[in-house]
Amino acid sequence: MSIFVRPIVSVIVPTYRDWGSLEKCLRGLARQDYPSDCVEVLVVNNAPQESAPLGIILQNYVRLIGETAPGSYAARNCGIAEAEGEVLAFLDADCVAEPVWLKTALACMGTHGADLVAGHITLFYQDNKLTPAECYEKAFAFRQAKNVEQGVAVTANLIVRREVFEAVGNFDEGMMSGGDFEWTRRATAAGYRLTYCPAAVVRHPARSTLASLAQKARRVSAGSMVLHDESGALQGSGRVMGNFGNDLRELLKRSDMSWRERSWAFGVLVYLKGIKLHQRLAMRFGTRKARELPR
């Protein structure tokens, strides 16, 4: 039996004008059940012209670096270049890792002989009575287990051996959204093993407003056009609507959601499908570029 030796881990956290969430994220990392002398945390400020507030307390294993190129994937690539670890762990700045997150993910990596580990992302809400946007998030956000079945994962909770980046390259900085799917698909297509670890949990706030969901839908739609190399408006429209039946069937099976929650989730789903179709048409026939989208 092989012995899994603790690696040096670099946790990379991109942030963009969200210091309040970052502070909570760093508190979660400080509580990890993993030796602190085996971890470094790289916070990549994607708005480096703005200094961190004085209230942000950085532990001695946390480094704050800056990246002027726009986009979270440029920030992550900056972190990769600075990282010293043999394993790279990615979190979003608004994620809070459970205390056993790193320990569990790395154990899973060793047990399964995996090169990439996608952990579970659980949502938390502002109140017990969910807003329409939160109902949608509860139904459809962060389907990490299904993602892994398709050979992809999101970077809100992703742990990767450094050698994978050395072999397949870094994230595509030209993508404002979908770069995590593009990169993990590239890695799994090259033969690297991706596994899902449900016990490696991070908590993520659910988006609570329709405006925030619409902004994300526009960004995701633009990223999907690049990811799937869409050459025509109808091609992209078919992809958006092609998932509608599966989404509806999944929603009807959700025994953990009340009928009120499912009804709101369905209404928001229809609304966001319209947003995505409009965005594709605007990108195809208008002058707006992906980098002009809100972050």
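Q: Which residue in strand 8 does V117 stand opposite?
A: V117 faces T195 there. Keep in mind this is a predicted model.

Q: How many bridges join strand 6 to strand 8, and do they run parallel or antiparallel?
A: Nine bridges link strand 6 (residues 116-124) with strand 8 (residues 194-205), and the two run parallel.

Q: Ok, and which strands does helix 7 touch?
A: Helix 7 (residues 179-189) packs on the sheet against strand 6, strand 7 and strand 8. Its direction makes about 150° with that of strand 6.

Q: What about strand 1, how many bridges join it to strand 2?
A: Seven, and strand 1 and strand 2 run parallel. V11 sits opposite V41 of strand 2 in that pairing.

Q: Which hand is the crossover between them?
A: Right-handed: the chain leaves strand 1, passes through helix 1 (residues 19-30) and reaches strand 2, a β-α-β crossover.

Q: And over how many bridges do strand 2 and strand 3 pair?
A: Five, in the parallel sense, with V44 opposite I65 of strand 3.

Q: Zooming out, what's the strand order?
A: Eight strands make an open sheet, 3-2-1-4-7-6-8-5, with mixed pairing. Strand 3 (62-66) and strand 5 (96-97) stand at the edges with a single partner strand each, so one side of each has no neighbour in the sheet.

Terms used:
Residues are numbered from 1 along each chain as its sequence is written. This is a predicted model: local features need pLDDT of at least 70, side-chain atom pairs count only at pLDDT 80 or more; totals for chains, interfaces and linings use all residues. Side-chain values use heavy atoms; hydrogens and water are left out. Two strands pair if DSSP finds at least two bridges between them. Helices (H or I, at least four residues) and strands (E, at least two) are DSSP runs, numbered from the N terminus. Contact means heavy atoms within 4.5 Å. Axes are lines fitted to C-alpha atoms, for helices over the stretch in contact, and angles run from 0 to 180 degrees between N-to-C directions. A crossover is right-handed if, with the strands pointing away from the viewer, the path from the first strand over the helix to the second runs clockwise.
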